[in-house]
Amino acid sequence: MFSLINKTLVITGGGSGIGQAISLLFAKQGAEVNILELNQAAAESTVNQIIAEGGKAKAFACNVADQQSVKEVFAQFSKVDILINNAGIAHVGNLENTTEADIDRIYNVNIKGTYNCLYAVTPIMKAAKGGVVLNMASIAATVGISDRFAYSMSKGAVLSMTLSYAKDYLKENIRCNCISPARVHTPFVDGFLAKNYPNNIEEMFAKLSASQPIGRMAKPEEIASLALYLCSDEAGFVTGCDYPIDGGFIRLNN
Ligand SMILES: NC(=O)c1ccc[n+]([C@@H]2O[C@H](COP(=O)([O-])OP(=O)(O)OC[C@H]3O[C@@H](n4cnc5c(N)ncnc54)[C@H](O)[C@@H]3O)[C@@H](O)[C@H]2O)c1
């Protein structure tokens, strides 16, 4: 079950955190992994790990916010069976703490980056008569979370793009779903704690852990397991869905 032999994966942001865990797991399952990354050194490090374990992988320097850069990378792929739009950035702040530059930055990476990769992959998947897309949303897409104004906007858009795209490409045999994690312990979380709460990192880490009723953050590998199911042939009946993976955050926090 869950074999990815002969499948080509394109994943954005595979140099760190959730994207790295997905890249490593998909390579173990037999996929050829192509990582599009802003941070080329991080992508190379994931690729080297995959190759050392006997897998196949390549790194591509790419800013997903830049359509030309995305187009040039996708032009090098003869087939893409699976696209995972995972690259994303955060912003902490309510409306008044969100500048025009902040909202543009979040829009460009989280929303336009997803659009750019969908735009580039669709002709390739149509020509192959099918494919699978998985987008990384967040619980912030469907729950009001304090001080995540711009981030929530962007993940709401990822969820609605998922539904719209899944509907439009049903007849092309392209499945499209998204995952909505609660907090996952990755450099993404460590980075925003260091930036936004430099004087009480440990206290905030404990607070963020406790906000999941299960009592901790997720591990990136736990998100990768759900991604594997959704991108496998075993999930052939699954499309147009958002999958919370949240330690009870959405339904048990009362
Ligand atoms: N960590 C969490 O708690 C959490 C929760 C819910 C959703 N998510 C989402 O999961 C995804 C991955 O998060 P993570 O925690 O693994 O983050 P991370 O910061 O550890 O990794 C993100 C990777 O994306 C890359 N990246 C950023 N901007 C890019 C761009 N413009 N072009 C190409 N690559 C770019 C970064 O270089 C980095 O390697 C994000 O979309 C995030 O919003 C994370």
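These questions and answers cover the sheet, the core and the ligand shell of a predicted model. Local features need pLDDT of at least 70, side-chain atom pairs count only at pLDDT 80 or more, and totals for chains, interfaces and linings use all residues. Numbering starts from 1 along each chain as its sequence is written.

Reader: Which residue is the bridge partner of valine 10 in strand 2?
Author: Strand 1 and strand 2 run parallel, joined by 5 bridges. Valine 10 has as its partner asparagine 34.

Reader: Which residue of strand 4 stands opposite leucine 9?
Author: Strand 1 (residues 8-12) pairs with strand 4 (residues 82-85) in the parallel sense, over 3 bridges. Opposite leucine 9 is isoleucine 82.

Reader: Why is strand 1 largely enclosed by the rest of the structure?
Author: A residue is buried with 20 or more other C-beta atoms within 10 Å of its own, exposed with 12 or fewer, and partly exposed in between; C-beta atoms are placed from the backbone. Thr8, Val10 and Thr12 point one way, Leu9 and Ile11 the other. Strand 1 is enclosed because its buried residues number 5 of the 5.

Reader: Is alanine 57 buried or exposed?
Author: Alanine 57 is found in strand 3. Its C-alpha is 7.7 Å from that of isoleucine 35, 22 residues apart in sequence. With 25 other C-beta atoms within 10 Å, alanine 57 is buried.

Reader: How many residues has the largest nonpolar core?
Author: Such a core is a set of buried Ala, Val, Leu, Ile, Met, Phe, Trp, Tyr and Cys residues joined through C-beta atoms within 7 Å. Those with the most contacts inside it include Phe26, Val33 and Ile35. The total is 69 residues.

Reader: How many charged residues has the shell around the ligand?
Author: The ligand is surrounded by 31 residues, each with its C-beta atom, placed from the backbone, within 6 Å. Ala, Val, Leu, Ile, Met, Phe, Trp, Tyr, Cys and Pro count as nonpolar, Asp, Glu, Lys and Arg as charged, and the others, Gly among them, as polar. The shell has 16 nonpolar and 13 polar residues; the charged ones number 2.

Definitions and conventions
Two strands pair if DSSP finds at least two bridges between them. Helices (H or I, at least four residues) and strands (E, at least two) are DSSP runs, numbered from the N terminus.
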